[in-house]
Amino acid sequence: MAIEKVKAYFAQYGMADRVQEFPVSSATVELAAQALHCEPCHIAKTLSFLVGDKAILIVAAGDAKIDNPKYKAQFGTKAKMLTPGQVETMVGHGVGGVCPFAVNEGVAVYLDVSLKRFETVFPACGSSNSAIELTIPELERCSGYTAWVDVCKGWN
């Protein structure tokens with residue numbers, strides 16, 4: 001299961017015990033915010049896209065939406081989300097639990113600037129009922145991100 005893979009991944013940082021599992025779904029921003037008793041903007045949602053023949057992940061604040069012109073300027077192509085089947089195969093996590101941790105080889109992770117306004121955020125941990133609270137420096141370290149990008153709108 002992906003959550004076990006993510007817990008093992010966080011063990012190398014001494015953080016496996018910080019992974020939270022809920023008795024309810026946290027598969028959407030709204031459900032995760034309810035499970036965590038926080039505002040939706042504090043959820044770090046991970047969106048998966050196809051660029052050429054490779055999967056990329058963009059981690060953004062829960063209240064941010066992809067801005068197509070910004071996305072195209074950044075990646076040189078139209079924003080094309082992966083299908084649920086592609087997500088599992090290409091990224092290594094199922095829809096509802098996609099996160100930037102313990103992903104398949106060759107998947108680039110980008111962090112959107114919409115996250116920078118928070119001290120801590122809550123990304124998923126590989127299942128549709130899990131999360132971890134991370135500071136922005138911890139998110140940078142643990143996600144193995146490629147770059148910060150500005151590809152979202154609606155949050156500022």
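The protein chain contains five helices and 10 strands, as seen in a predicted model. Its radius of gyration is 14 Å, close to the 15 Å that the globule rule gives for 156 residues, so the chain is as compact as a globular protein of that length. Along its principal axes, the C-alpha trace spans about 40 × 35 × 25 Å.

The contacts show how the chain is brought together. Of the 156 residues, 51% count as buried. The accessible surface comes to about 7,400 Å², and carbon and sulfur atoms account for 52% of that area. As for charge, the chain carries 14 positive and 16 negative charges, whose mean positions are 8 Å apart.

The interior may be considered next. In soluble globular proteins, nonpolar side chains tend to be buried together. In this chain, the largest nonpolar core has 34 residues, and the members that touch the most others are F10, F101, L115 and I132. Several elements each supply at least two residues of this core: the helices α1 (2-11), α4 (84-91) and α5 (136-143), together with the strands β2 (43-51), β3 (54-61) and β5 (108-112). A second, separate core consists of 15 residues, including L47, F49, F75 and Y110.

F101 illustrates the surroundings of one member of the largest core. When its neighbours within four places in sequence are left aside, F101 is in contact with V6, Y9 and F10, and also with H93, P123, A124, I132, L134, L139, C142 and S143. Two of these partners, F10 and I132, are themselves listed with F101 among the core residues that touch the most other members.

A16 is found in the loop between α1 and β1 (20-21). Because its relative accessible area is 26%, A16 is partly exposed. Apart from neighbours within four places in sequence, A16 is in contact with K7, F10 and A11; F10 is also one of the contacts of F101. From A16 to C152 there are 136 residues in sequence, and the two C-alpha atoms are 30 Å apart in space.

N156 is found in the segment after β10 (152-153). Its relative accessibility is 77%, and N156 therefore counts as exposed. N156 and E30 are separated by 126 residues in sequence, with a C-alpha to C-alpha distance of 19 Å.

Conventions
Residues are numbered from 1 along each chain as its sequence is written. This is a predicted model: local features need pLDDT of at least 70, side-chain atom pairs count only at pLDDT 80 or more; totals for chains, interfaces and linings use all residues. Side-chain values use heavy atoms; hydrogens and water are left out. Helices (H or I, at least four residues) and strands (E, at least two) are DSSP runs, numbered from the N terminus. The radius of gyration is taken over C-alpha atoms; the globule rule is 2.2 Å times the number of residues to the power 0.38. Buried means under 20% relative accessible area, exposed over 50%, partly exposed in between (1.4 Å probe, protein chains only). Accessible areas come from the Shrake-Rupley method with a 1.4 Å probe; for residues, only the protein chains shown count as cover. Lys and Arg count as positive and Asp and Glu as negative; His and the chain ends are not counted. The place of a charge is taken as NZ of Lys, CZ of Arg, CG of Asp or CD of Glu. A nonpolar core is a set of buried Ala, Val, Leu, Ile, Met, Phe, Trp, Tyr and Cys residues joined through side-chain atoms within 4.5 Å. Contact means heavy atoms within 4.5 Å.
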